[in-house]
Amino acid sequence: MEVRAVTVGNVTVGAGRPVLIAGPCSVENLEMIRAVAAAAVKSGVSILRGGSFKPRTSPYSFQGLGIEGLQMLDAARREFSIPVVSEVMSIDQIEPSLEMVDMIQVGARNMHNFPLLSALGRTDRPILLKRGFMATIEEWLMAAEYIVKEGNDRVVLCERGIRTFEPWTRNTLDISAVPLARMLGGYPVIVDPCHASGRRDLLEPLAMAGLAAGADGIMLEVHPEPEKALSDGGQSLSIPELTLMAGRLLNWMDTIPQYEKDCEPGMDGG
Ligand code: PEP
Ligand code: MN
């Protein structure tokens with residue numbers, strides 16, 4: 001199946017050259033999101049991310065700044081002229097997000113939240129649908145279908161790792177899901193090596209593996225002081241690390257053959 005490209009602000013995802021998405025796990029204050037946005041733009045990142053409604057495992061962990069965080073993200077988006085993506089967890093968070101974000105993220109924990117998916121299907125905004133950590137590819141594609149059925153076909157999928165028996169990584173990046181979801185669903189697919197691994201030292205090899213498998217983009221978490229981050233510091237790049245890694249990934253993208261990306265699912269020869 002041909003991949004249908006999705007436009008986010010002035011950026012097109014799924015139209016050949018992969019895109020970089022980067023930003024903090026959570027927007028923590030205006031100063032940090034401005035610092036990350038400035039570095040992202042300089043490094044060739046096309047879309048800025050920043051969570052403000054945060055799905056945390058513990059109810060006692062930092063829950064995000066909510067609307068106030070979205071306003072900071074919106075300020076950075078205007079100052080640096082870069083489209084932004086941010087997560088919603090419930091239907092009531094859609095309305096304020098529509099005013100302040102270019103793309104709405106559905107996190108792994110909400111991939112099965114069907115009323116939320118249907119409500120997002122009634123908006124005109126591009127949706128970044130992360131794979132649930134216990135979801136099969138079929139379930140993920142059906143979740144996307146809940147959005148499309150309501151009239152919004154601007155869906156980008158994000159492979160962010162699934163839960164396995166392996167304790168050295170936070171999740172296990174499912175590389176097969178990248179070409180499969182593209183072929184079976186016709187959606188652009190991006191790879192999130194941060195939540196897949198939980199480890200800064202694995203981000204670059206996993207990002208490269210994703211690109212080699214045909215990913216339409218890579219999403220990275222970045223923080224001015226990762227060791228002090230209120231969420232996901234251990235899997236976040238510092239600003240100098242982002243600059244270096246983005247440079248290497250962008251260079252490497254130019255060498256990846258595109259010829260086999262848009263093929264039909266193959267026979268197994270049996
Ligand atoms: C995130 O992107 O910060 C996030 C919470 O990701 P996931 O839903 O994949 O865990
Ligand atoms: Mn995170």
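Please keep in mind that the model is predicted. The largest nonpolar core has 63 residues, and helix 4 is largely enclosed by the rest of the structure.

**Helix 8 and helix 9**

- Helix 8 spans residues 203–212 and helix 9 spans residues 239–253; their axes come within 11 Å and cross at roughly 20°.
- That angle makes helix 8 roughly parallel to helix 9, since angles under 35 degrees count as roughly parallel.
- The handedness of this crossing of helix 8 and helix 9 is right-handed.
- On the helix 8 side, the contact involves Leu203, Glu204, Ala207, Met208, Leu211 and Ala212, which meet Met245, Arg248, Leu249, Trp252 and Met253 of helix 9.

**Nonpolar cores**

- Within the largest nonpolar core, of 63 residues, those with the most contacts inside it are Leu48, Leu129, Leu157 and Leu220.
- Leaving aside residues up to four places away in sequence, Leu48 touches Ala22, Gly23, Ile33, Val36, Ala37, Leu73, Ala76, Ile82, Pro83, Val84 and Val85.
- As background, nonpolar side chains tend to be buried together in soluble globular proteins.

**Helix 4, an enclosed helix**

- Helix 4 covers residues 114–121, and six of its eight residues are buried, so it is largely enclosed by the rest of the structure.
- The buried residues are Leu116, Leu117, Ser118, Ala119, Leu120 and Gly121.
- These buried residues of helix 4 pack against helix 3 (94–100), strand 6 (103–106), strand 7 (127–130) and helix 5 (137–149).

- For context, most residues other than glycine have a negative phi.
- Ser81 is not a glycine, yet has a positive phi of about 50°.
- The loop between helix 2 (67–80) and strand 5 (84–87) is where Ser81 is found.
- Ser81 counts as exposed because its relative accessibility is 61%, and the cut-off for exposed is over 50%.
- Asp232, also a residue other than glycine, has a positive phi near 55°.
- Asp232 lies in the loop between strand 10 (217–221) and helix 9.
- With 17% relative accessibility, Asp232 counts as buried, the cut-off for buried being under 20%.

Definitions and conventions:
Residues numbered from 1 in each chain as written. Chains lettered and ligands numbered in written order. Predicted model: local features only at pLDDT ≥ 70, side-chain atom pairs only at ≥ 80, totals over all residues. Heavy atoms only, no water. Axes fitted to C-alpha atoms, helices over the stretch in contact; angles between N-to-C directions. Helix = DSSP H or I, 4+ residues; strand = E, 2+ residues; numbered from the N terminus. Parallel < 35°, antiparallel > 145°, perpendicular 65-115°, else oblique. Left-handed = near helix turned anticlockwise from the far one by under 90°. Contact = heavy atoms within 4.5 Å. Core = buried A, V, L, I, M, F, W, Y, C linked by side-chain atoms within 4.5 Å. Buried < 20%, exposed > 50% of the residue type's maximum accessible area, 1.4 Å probe, protein only.
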